[in-house]
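Dear colleague,

Please keep the structure open while you read.

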Amino acid sequence: SWYVHATTELEASPLRTSRWNGAVGMDLNDGFLWVGDIDRFGNPLNEFKIPVPIRDRSKNQVKAALGEAVKKAVLYAKEKGKPIAIEDLDFTKKKQVLRESGTKRARMLSGLAYRQFRMMVESCTFREGVELLKPDGKNVDPFATSVIGQLKFMVRYGMSSHGSAACVIDRRGLGFKLGKAAKSSVLELPARKRNFPRKYSLR
């Protein structure tokens with residue numbers, strides 16, 4: 001048998017988005033993709049959930065569902081004229097966290113690899129002319145996005161925890177600095193291991 005493999009280079013579509021319009025962030029979870037939308041000042045405007053069914057499905061079915069979810073989110077960002085932001089997660093560490101969190105979260109491991117999700121986002125944004133925000137050449141730092149989202153947006157704007165986290169991903173993609181918990185808050189930012197990066201100053 002003979003197998004022929006051919007490759008070709010695609011030209012990037014012209015950018016149809018601007019950071020002056022704000023940003024759209026995606027937070028990947030077990031069974032769904034949550035999208036958060038902010039304006040250029042970092043204020044939340046919208047959030048919505050895109051189901052990604054994974055239970056009792058084959059890897060190909062999960063891959064197809066995830067691809068459709070990513071496409072919907074990217075087309076939403078394109079319509080709004082906003083760039084996309086996603087977390088720069090270490091999937092090896094993420095798998096360990098999912099295993100430790102129990103069987104419900106561990107289901108994600110059967111078909112959803114964050115690496116695959118990231119590749120889908122990069123490919124779709126490339127085709128659609130949507131900028132993928134990469135501070136310092138990487139995707140967004142995932143440090144404490146859920147906690148910060150709860151502190152800054154969840155109660156104040158009546159948002160979900162996942163939508164709040166997606167908005168934090170947006171803000172970080174646009175270069176906004178971290179904030180610190182209010183004195184009246186019972187939540188605190190978790191301590192980072194080793195040194196806290198200088199690019200994030202608590203204020």
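**Salt bridges in the model**

The structure holds five salt bridges, a salt bridge being a side-chain nitrogen of Lys or Arg within 4 Å of a carboxyl oxygen of Asp or Glu. This is a predicted model, in which local features need pLDDT of at least 70 and side-chain atom pairs count only at pLDDT 80 or more, while totals for chains, interfaces and linings use all residues. Residues are numbered from 1 along each chain as its sequence is written, and side-chain values use heavy atoms, with hydrogens and water left out.

One of the five joins the side chains of Arg 19 and Glu 131, at 2.5 Å from N to O. This pair links distant parts of the chain, 112 residues apart, since Arg 19 lies in the segment before strand 1 (23-29) and Glu 131 in the loop between helix 4 (114-128) and helix 5 (145-154); helices (H or I, at least four residues) and strands (E, at least two) are DSSP runs, numbered from the N terminus. Arg 19 is partly exposed, with a relative accessible area of 44%, whereas Glu 131 is buried at 17%, where buried means under 20% relative accessible area, exposed over 50%, and partly exposed in between (1.4 Å probe, protein chains only).

Another salt bridge is formed by Lys 82 with Asp 37, whose closest N and O atoms are 2.5 Å apart. Here Lys 82 sits in the loop between helix 1 (59-80) and strand 4 (84-85), and Asp 37 in strand 2 (residues 32-38), 45 residues apart. Both Lys 82 and Asp 37 are buried.
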